[in-house]
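Hi everyone, thanks for coming.

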Amino acid sequence: MMQVLLVDDDRYIVSALEQQIDWQPLGFTKVWTAYNMVQSQKILAEEAIDLVVSDIEMPQGSGLELLAWMRKQKFYQPLFVFLTNYADFNYAQKALEYQSFDYVLKPVDPDEFTLTVKKAVKRIQEDAARRTAGSTQPSTIWRQYVTGRIDSADQAKLPQHTLNIVSWCHADHATDLTHVQEVIWRLYHDHFTFAAFQLVSFFHIQDRNYGLIFSTPSRSENTGSAQQAAQQFQQKLKELGISVSLLTSPPVPFTKLPQTYSEIHDMAEKRAIHRGTLMSLADYQPQADTYVAPDYNQIRTLLTAHNTDAVIAYFRDYLRRTDAAGQLTRDNMARLREDFIQLMYVALQAQQISAHELFKNDTFAQLQKRSLNSIESLLDFIAYLVKTAVTHMTFIDRHDNVALQLKNYIDQHLGDDLSREVLADLVFLNPDYTGRLFKEEYGLSLTSYIIQQRVQQAEYLLIHTNLTIQKIAETVGYTNFSYFTKMFKKVTNMPPMQYRQEHQELK
């Protein structure tokens, strides 16, 4: 049976979730509660929690920080569902980046939330089934050993008089993960050897990252042979259409595998790598966590000039220089990314462009999610932000472009919601600024133009169709019949029924 942890600094919310959700029929035998990040970490470290339901905004450590901490742990990974008062895109993106299961706005509707929990339970059960199916496999026992979660009976099944290599494998985003798993499992089951090392374990860590263990009965601790084995493995995958980055250890005896796995794990968490790289733990030197910010004044100048290529070239050179200087850790990459996103938001806001709407798409989400996987992935993300922003800046510099797009949209969607907010989102601009641009170009406010076009369409339908006046009102976007009649009379000086009678007689 399963356990759930409820986390919120508001004790009323925790109590309501605990009492209003019928947890036992959903499969949860224990409901844990916590009111801050520290309490949550203690429970997560001591109990096998399957599902965490957490608020995002908490004073002593946010839910996102709790999830980030959890993802760095080497033990189990529960599913996370977030609760928040804020319908904020940035929170959703962060939650996605750390692979949260779902994101729910307060106030929580118990029935809808129960459906979310049921989906989470289904995922938990599917993951458990996959683990059970492979629990007796030698590959799984190796994984349990290196992560420190093995009993003595299973450990005794492993060949302990061997030399072993531990590798951290990251599959490039362009590679289908199902294909990656099928190919590597085939190499495992076919007992493939690489420079006398056989692949004895392959297991998923998180996202596109996998753990590999190679083993040989040889007692010769030849670092060169370990490097050769990794190169041969990487080349074999390349021949099969799979691009991976490998962080690999020198040969170590069986007893040192858990420690070596921990060192490889830390290296992967801290080291900025190039796409498709092969790095050895033996050559790894922890880099200085000194963050040297780029010249943001120069970047602002280039953005103002709409010089896309120059901005991208600047960052390409900046990343090359900081990497060569030993200052490009993953933490510094994350800081650079967040700083640049903030700069872009401010630059767009200065031109009345809503960055929140401009970047609310799957491309942004996916590029951001993988932006720390490699130096090239971060540059891809930066290039996307710059190209998208500059393209739209150039577009709105011509006010007639924006006004014409709005006019065409209104003409083709008279029956839809045409509020200022909807129209502003269409062109990713501030609502007030959107209205000003339209009026400057056409001499009419957005509201006046919409009324004019809706009434003209209603006039045509009154004369040329037998639709009821109620239906015509709905067709041109008015759900309130009285308000439609008022607007129609204001424009034509007569109510719809009289207009139909007089004009159909003329027809």
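So, in which helix is confidence lowest, and in which is it highest? Confidence here is pLDDT, the predictor's own score for each residue, from 0 to 100. Helix α4 (residues 89–97) is lowest, with a mean of 58, while helix α12 (residues 308–324) is highest, at 95. Helices are DSSP runs of H or I with at least four residues, strands are E runs of at least two, and both are numbered from the N terminus.

Some ground rules: this is a predicted model, where local features need pLDDT of at least 70, side-chain atom pairs count only at 80 or more, and totals for chains, interfaces and linings use all residues. Residues are numbered from 1 along each chain as its sequence is written, and side-chain values use heavy atoms, with hydrogens and water left out.

The chain's average pLDDT is 86, and 92% of residues score at least 70.

Now, the sheet. It's open, with five strands in the order β2-β1-β3-β4-β5, paired in parallel; pairing takes at least two DSSP bridges between two strands. β2 (28–34) and β5 (102–105) sit at the edges with a single partner strand each, so one side of each has no neighbour in the sheet. Inside it, β1 (residues 2–7) and β3 (residues 51–55) are joined by four bridges, and Val4 is opposite Leu51 in β3.

Last stop: Ile451, Val455, Ala458, Glu459 and Leu462 in α20 meet Phe484, Met487, Phe488, Val491 and Thr492 in α22, where contact means heavy atoms within 4.5 Å.
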